[in-house]
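Open the model in your viewer and keep the selection tool at hand.

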Amino acid sequence: MATSKFEYEKWAAKHALNPNATRKEKALWYGKEMEYWVEGRGGLVGPHYFALTQGMVKTASGKRIRPLWRDADEDLYGSYMTAKNMGWDLMVLKRRELGLTLTFGGIVPVWIALTNGGSTSLLTSADKTRLEEMYKEKTRVVFDGLDPDFKPGVVSSRQWGYLHMGRMTQDGSVEGLDSKIVARETVDNPQALEAYRALHVFIDEFFLHPHADKVLRSAQASVKSGFTKLAPIVLGGSAGESSLEGQKKGTAMWRDADALKLITTFVPGWKGIMSAPELDDEGNETGKTVNFCPNGHSDESKATEWIMKTRERLDRAEDKSALEVFIKQYPLTIQEVFSGSSKGFLPQDVIQKVQQQERIILSERPPIVKGNLVKNLDGEVKFVPDSKGLVHILHTPIENHTYIAGIDPIPFISRNMGDGSKQAIVIKDIDLNRYVAFYYERDSDPDLIVDNQIKLQSWYNNAPAMLEVNRGGVVLDKYKQLNRLDLLAKKPVLMGKKFVSNDASYGYYKNDHTSERGNAYLLEYLRKYHDEIWFMEIIEEIKNYLAENTDLVDAIVACEILHRNIIEKNKKETEKHTPNVRQIPVLKFVNGRYIKVWQNVSIK
């Protein structure tokens with residue numbers, strides 16, 4: 001069994017300060033230790049060494065103890081130092097009860113305060129209760145646990161949320177350390193961190209925070225001097241604790257980490273587990289306790305076996321909600337973190353297929369490019385990559401392939417403009433049965449949106465689009481004005497009268513009947529071709545279809561109606577050119593006698 005990389009008792013016996021040291025000896029000793037807190041020692045990075053030699057943690061029973069060395073903590077401190085040295089931010093996804101809040105809400109802000117006099121560290125969380133708990137149970141426990149001979153004085157310490165270290169002089173000025181740790185609530189005011197200049201920012205429970213992305217963007221100003229990044233912003237939380245919106249944001253950020261200059265760290269469910277109930281072969285507890293992290297070294301095999309046994313037991317229940325929660329709390333792969341639960345109303349077999357494809361997308365990261373379409377002086381449409389572009393491309397047009405499209409319009413210049421919808425168009429390669437591009441935008445200018453749609457359709461070999469005409473009147477008028485009605489599909493007459501309004505020459509009419517048929521076409525496509533969907537935005541909407549705005553999926557429904565109309569049209573054309581034959585009985589003389597045989601004859 002491997003030995004621990006650090007044991008406090010062994011370190012103290014060899015390196016601890018002599019309790020009988022003089023004031024001068026204490027000053028020299030702490031001066032040298034502070035160098036180790038910055039540079040690291042014994043294979044440990046600076047803040048980790050500080051945590052193990054000076055840190056204090058509070059157990060569930062209320063006892064205060066020194067933290068133990070674990071390989072899981074090395075992941076956290078190591079990734080933090082990587083982000084710090086690169087000038088990037090750090091995003092951590094972890095199993096439940098790993099110690100992220102202690103690390104970045106307790107150890108690191110105190111470490112920053114002591115090694116950078118005059119600095120400020122900022123802490124926030126998903127709500128006031130969590131923030132107060134972090135400050136009282138992590139920040140103050142670490143600070144209060146410092147050696148009294150070294151612990152700085154406190155200029156101001158409110159009941160919670162503000163710790164100013166140093167000494168107040170008679171004239172009201174501050175001398176000594178002059179460092180601050182500030183906890184600020186950011187749910188009501190996402191810009192609350194902008195006013196500070198900080199050397200540490202920690203956004204805890206990022207995936208539960210209703211405005212986490214706004215806080216992150218706003219906080220960038222507080223850790224910069226000009227364009228120079230002074231410190232990383234750390235964000236993260238437990239994989240099992242996230243809102244649907246937080247999960248979407250987290251998925252997008254993880255996928256775009258390089259563009260966002262974001263170091264990503266995932267600590268799986270099997271890592272750092274130091275206590276668990278022993279399980280028998282059936283997954284039932286035996287009454288004994290086991291350690292899957294002896295001496296701080298995680299036993300991946302045994303911990304994973306324990307997790308899988310627990311999953312098998314929970315899977316025997318008819319209600320799978322407990323299983324889904326457990327998987328989120330102790331995920332084995334990053335794909336399990338982001339394969340979000342569904343609140344939509346599609347059949348379970350379809351959701352399972354879509355979630356399977358979601359895991360593949362997260363693992364393989366398909367080569368999707370964002371950008372914009374522009375038209376040169378010759379009228380030729382070109383695609384210009386741009387990370388902020390609104391056109392999403394899986395692959396560029398193939399010369400001999402047939403493309404079609406579906407449009408889900410928004411009600412321009414209407415009291416429904418504020419309903420949160422976006423106008424969306426999707427492009428489908430019907431030779432591959434694959435959706436290859438989409439564009440959607442929330443804008444009150446129909447000229448801009450329709451112009452972009454037309455460029456996208458033109459680029460994809462003049463792909464005709466099926467338009468929902470109920471809310472598409474403005475869009476239809478724009479296509480007429482631009483003389484591009486050739487890019488709108490005619491009404492799908494082969495689908496039945498209920499698909500067509502009396503005065504419509506283009507598009508389909510949405511009502512209860514056509515919605516039901518459109519949903520059926522969507523289900524048929526997903527059951528057969530779920531593995532041809534490579535856009536995470538579409539996957540997310542499918543999982544929540546009929547429960548919230550799903551503009552892309554609504555556009556796909558329109559596209560599937562068009563595709564079905566094309567199939568029916570081709571079928572009728574084939575029947576039209578196929579001779580109508582019928583078999584009739586005739587007598588035929590064979591081997592000296594008449595027998596009855598069947599003969600095909602044409603029917604005119």
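The tour starts with the whole chain.

This is a predicted model, in which local features need pLDDT of at least 70 and side-chain atom pairs count only at pLDDT 80 or more, while totals for chains, interfaces and linings use all residues. Residues are numbered from 1 along each chain as its sequence is written, and side-chain values use heavy atoms, with hydrogens and water left out.

**Whole chain**

Show the chain as a cartoon: its secondary structure comes to 18 helices and 23 strands (DSSP runs, H or I of at least four residues for helices and E of at least two for strands, numbered from the N terminus). Along the principal axes, the C-alpha atoms fill a box of roughly 125 × 65 × 40 Å. Of the 604 residues, 48% count as buried (under 20% relative accessible area; exposed is over 50% and partly exposed is in between, with a 1.4 Å probe and protein chains only).

**The second largest pocket**

Next, select E97, L98, G99, L102 and K138, which lie nearest the centre of the second largest pocket among its 48 lining residues. A pocket here is an open set of points on a 1 Å grid over the protein atoms alone, where a 1.4 Å probe fits, with protein on both sides within 12 Å along at least five of seven lines; lining residues have an atom within 4 Å of a point. The volume of this pocket is about 1500 Å³, counted as the space filled by probe spheres set on the points, which are joined across faces, edges and corners.

Which element gives the largest share of the lining? Colour α6 (128-144): this helix supplies 6 residues, the largest share. Other elements with at least two lining residues include α3 (46-54), α5 (100-115) and α10 (300-315). By class, the lining has 22 nonpolar, 11 polar and 15 charged residues (Ala, Val, Leu, Ile, Met, Phe, Trp, Tyr, Cys and Pro are nonpolar, Asp, Glu, Lys and Arg charged, and the others, Gly among them, polar).

**Single residues**

Go to K478 in helix α15 (residues 473-481). K478 counts as buried because its relative accessibility is 15%.

Most residues other than glycine have a negative phi. E205, in the loop between β8 (200-204) and α7 (212-219), has a positive phi near 50°. E205 is at 10% relative accessibility and so counts as buried.

Finish at N461, in the loop between α14 (446-459) and β21 (465-467). Phi of N461 is also positive, near 55°, and N461 is partly exposed, with a relative accessible area of 33%.
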